[in-house]
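Subject: Structure for your review

Dear colleague,

Please find below the structure that I am handing over to you. I would ask you to look at it first and then to read the notes that follow.

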Amino acid sequence: MAHIRSLFFDGPLAEVENKAITAYKLGRPSEIIWNITNRCNLLCDHCYMSADAHQRPEQLSDEDSIALVKQMAEIGVPLLFMSGGEPMMRSNFWEILNEARSYDMHVVVSTNATMIDRAIAKRLKTAGVDWIATSLYGPADFHDALVGVPGTRDRVVNTIKILREEGVRVALKSAVSSDTWPHVKELIATAKELDCGLIYLCDLITSGRSEGEEDGRITAEQWRELADYVLADVLDPETTLEYDIGALPSVIPYMAEKLIAQGIDVTKGLERLKTVSACPVGKGHMNINSEGGIMPCQFAQDWTIGNVRDMTLAEAARKLFEYDEQNAQGVCSDEECEYSRICRGCRTKAFHEFGDPMGPDTTCILHPNDKRSAAGAAKSGSQTPSAPCAMGSCS
């Protein structure tokens with residue numbers, strides 16, 4: 001994840017990101033993405049967990065789910081993403097949400113938005129949800145075919161309008177693939193028209209229903225074109241839309257070099273990247289699946305380090321920090337890339353492609369023969385989390 005405007009300038013997520021960085025420096029999880037259920041009422045072609053209408057038999061009980069939220073609060077987790085499947089299909093969704101908010105935890109709900117009407121929108125606002133994140137992929141016929149349920153796009157658009165009318169902030173999400181590529185710029189325009197504050201554009205992750213579909217990714221040249229388009233919009237004084245780029249950390253050094261070439265001061269972003277790289281694996285980022293499995297990344301459901309039934313979140317955080325201490329291989333190694341600690345490469349793509357999370361990220365968009373120096377200077381200031389005892393003693 002890489003929030004472009006908030007990283008390099010003053011964007012809408014700067015405050016919560018600062019809290020996340022502080023938590024990381026104290027040896028705590030900086031944020032947790034929790035797939036509270038695998039159940040979903042859609043059947044998206046690209047779903048990385050193959051979610052459907054069935055609940056997994058080992059799903060955390062309601063009692064375990066509330067105990068987990070309490071544990072998050074005890075170690076000072078600043079930000080919780082409630083995701084799925086479709087999180088609102090979990091029977092105690094509201095109990096989990098209200099418990100998290102009772103500890104003043106920032107909460108983002110990632111939902112397909114088909115279960116939200118005006119009454120639910122008002123309830124989400126009252127509960128203090130920070131953002132609702134929901135997906136669009138293109139025109140109605142295309143979107144509905146992709147998610148497997150006719151009429152979905154129109155329902156999502158109507159829900160976004162209701163949420164904004166009720167004062168709930170909305171982030172629009174989309175997977176970037178060869179299929180959605182023709183619609184990406186139109187989706188950016190739609191995000192602005194619907195008064196969304198953020199758009200999340202994620203490179204295709206080939207797991208779940210999209211396993212083995214690496215050919216469905218757009219090319220590095222197309223990603224560079226999109227990055228240039230996004231950067232131009234961020235620099236436009238008339239626009240305020242935040243951009244979050246997922247599963248393509250190399251876009252950050254690419255953009256940093258572009259900004260430097262234009263004489264723009266990127267010190268703020270580079271200083272932050274000394275602490276938290278563009279790929280969040282090993283940087284305080286934690287993911288939990290519906291069965292309690294603890295993962296370095298939500299896009300690799302089979303890459304787990306333990307389970308909340310057997311491991312505390314404090315222990316899990318220390319285990320996850322170990323990934324940041326390792327040197328990636330090949331083009332992503334410290335020896336071969338001066339951006340290695342700024343970017344890190346997508347560790348999940350390496351896991352899927354090579355069975356090794358420290359393998360190279362073969363989707364890097366940087367020109368391999370370009371001279372790189374200015375942005376690479378940030379790597380030397382890499383920081384290490386504080387002693388593990390800091391996590392256990394702070395709340």
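Which residue is joined to D130 by a polar contact between side chains? The partner is H106, and the contact is 2.8 Å. Please bear in mind throughout that this is a predicted model.

The surroundings of D130 may be described next. D130 is found in the loop between helix 5 (118–127) and strand 4. With a relative accessibility of 15%, D130 counts as buried. Leaving aside residues up to four places away in sequence, D130 touches H106, V107 and R169.

Strand 4 leads on to the sheet. An open sheet is formed by 10 strands in the order 7-6-5-4-3-2-1-8-9-10, and its pairing is mixed. Strand 7 (242–246) and strand 10 are the edge strands, each pairing on one side only. Strand 4 (residues 131–135) and strand 5 (residues 169–176) run parallel and are joined by 5 bridges. In strand 5, K173 stands opposite S135.

I turn now to the aromatic residues. A search of the whole structure gives 6 aromatic pairs. One of these is formed by W303 and Y323, which are edge-to-face, with 5.3 Å from centre to centre and 85° between the planes. This pair links distant parts of the chain: W303 belongs to the loop between strand 9 (293–295) and strand 10 (306–307), whereas Y323 belongs to helix 12 (residues 313–324), 20 residues apart. Both W303 and Y323 are buried.

Why is the pair of W303 and F351 described as stacked? The ring centres are 5.1 Å apart and the planes of W303 and F351 meet at 15°, so the pair is stacked; the cut-off for stacking is an angle under 30 degrees. Because W303 lies in the loop between strand 9 and strand 10 while F351 lies in helix 14 (residues 347–354), the pair ties together parts that are 48 residues apart in sequence. The relative accessible area of W303 is 5%, so W303 is buried. F351, at 16% relative accessibility, also counts as buried. Taken together, W303, Y323 and F351 make up one aromatic cluster.

R123 lies over the face of W94, at 4.0 Å from the ring centre.

Yours sincerely

Notes:
Residues are numbered from 1 along each chain as its sequence is written. This is a predicted model: local features need pLDDT of at least 70, side-chain atom pairs count only at pLDDT 80 or more; totals for chains, interfaces and linings use all residues. Side-chain values use heavy atoms; hydrogens and water are left out. Rings of Phe, Tyr and Trp (its six-membered ring) pair if their centres lie within 6.5 Å; planes under 30 degrees apart count as stacked, over 60 as edge-to-face and the rest as tilted. Helices (H or I, at least four residues) and strands (E, at least two) are DSSP runs, numbered from the N terminus. Buried means under 20% relative accessible area, exposed over 50%, partly exposed in between (1.4 Å probe, protein chains only). A charge sits over a ring if NZ of Lys or CZ of Arg is within 6 Å of the ring centre and within 35 degrees of the ring normal. Two strands pair if DSSP finds at least two bridges between them. A polar contact is a pair of N or O atoms within 3.5 Å; within protein, one must be able to donate a hydrogen and the other to accept it, and residues adjacent in sequence count only if both atoms are side-chain atoms. Contact means heavy atoms within 4.5 Å.
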